[in-house]
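Here is a short briefing on one helix, its packing and two further residues. Please keep the sequence and the 3D view at hand.

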Amino acid sequence: MSEGYSIELYFDPALENQVLKAWNVLARRQISTQLIEIESRPHITLFSSPAADPTKLENILKTFASKHEPLSLSFSSICSSSSDANLLFLAPTPTLSLLQFHSQLSDALRKEGVEVGDEFRPDSWIPSCAVAQDVPKSRMAEAFTVLRELRLPVNGYAMDIGLVEFSPVREVCSFAIGNNTVEV
């Protein structure tokens with residue numbers, strides 16, 4: 001039985017590979033392997049809920065994706081959150097287009113009766129791409145050093161939007177944003 005559903009923004013292959021490279025380096029150094037083990041995919045979480053109708057979410061996403069264009073992304077900083085099991089993440093520059101995309105998705109969800117929790121409301125949402133979870137406190141500095149080797153900013157595009165069931169992580173569906181004709 002699922003613990004919930006999330007809506008995730010996926011990247012073009014080159015950007016996705018940059019994030020996977022970070023995951024793999026952290027795994028080889030035995031700092032964090034959880035994201036690889038749960039078979040996650042590099043993403044920015046746009047919405048998450050323990051109680052949502054996946055059929056309704058899929059229909060919303062299909063319509064929403066067709067009305068938007070791929071988004072330019074630039075991961076410009078490495079951040080941490082001790083409140084989320086010592087999470088390390090890449091933070092995208094919060095461009096107007098990214099913030100509007102998220103706000104419009106929130107509006108589309110609310111119009112269909114889907115409750116958007118406080119963490120994912122447009123006025124409090126913090127866009128992020130997890131690169132390590134449950135990092136031992138004694139290894140946080142080492143993890144930051146490893147991630148600095150990415151030579152930020154790392155640039156690319158958000159090309160797809162997907163619905164994911166968790167736990168375990170399982171992609172329910174994903175849709176190309178717009179016509180996906182961005183030259184990468």
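The points below are grouped by topic.

This is a predicted model: local features need pLDDT of at least 70, side-chain atom pairs count only at pLDDT 80 or more, and totals for chains, interfaces and linings use all residues. Residues are numbered from 1 along each chain as its sequence is written, and side-chain values use heavy atoms, with hydrogens and water left out.

**Helix α4**

- Helix α4 covers residues 96-111, 16 residues in total. Helices here are DSSP runs (H or I, at least four residues) and strands are runs of E (at least two), numbered from the N terminus.
- From first C-alpha to last, α4 reaches 22 Å, close to the 22 Å expected at 1.5 Å a residue. The expected span is 1.5 Å times one less than the number of residues.
- G113 follows α4 and has a positive phi, near 80 degrees.

- L98, F101, H102, L105, S106 and L109 are the buried residues of α4. Buried means under 20% relative accessible area, exposed over 50%, and partly exposed in between (1.4 Å probe, protein chains only).
- Seen down the axis of α4, these buried residues fall within an arc of 135 degrees, so they line one face of the helix. The arc is taken from the directions from the helix axis to the C-beta atoms.
- L96 and K111 are exposed, on the other side of α4.
- The cover over the buried residues of α4 includes the strands β1 (4-11), β2 (44-49), β3 (71-81), β4 (87-92) and β6 (154-166), along with helix α3 (54-66). Contact means heavy atoms within 4.5 Å.

**Packing of α3 against α4**

- The axes of α3 and α4 come within 10 Å and cross at roughly 135 degrees. Axes are lines fitted to C-alpha atoms, for helices over the stretch in contact, and angles run from 0 to 180 degrees between N-to-C directions.
- That angle makes α3 oblique to α4. Angles under 35 degrees count as roughly parallel, over 145 as roughly antiparallel, 65 to 115 as roughly perpendicular and the rest as oblique.
- From α3, L57, I60, L61 and F64 meet F101, Q104, L105, A108 and L109 of α4.

- E58 sits in helix α3. Its relative accessibility is 31%, so E58 counts as partly exposed.
- Beyond its neighbours within four places in sequence, E58 is in contact with L163, V172, C173 and F175.
- L20 lies in helix α1 (residues 13-28). At 24% relative accessibility, L20 counts as partly exposed.
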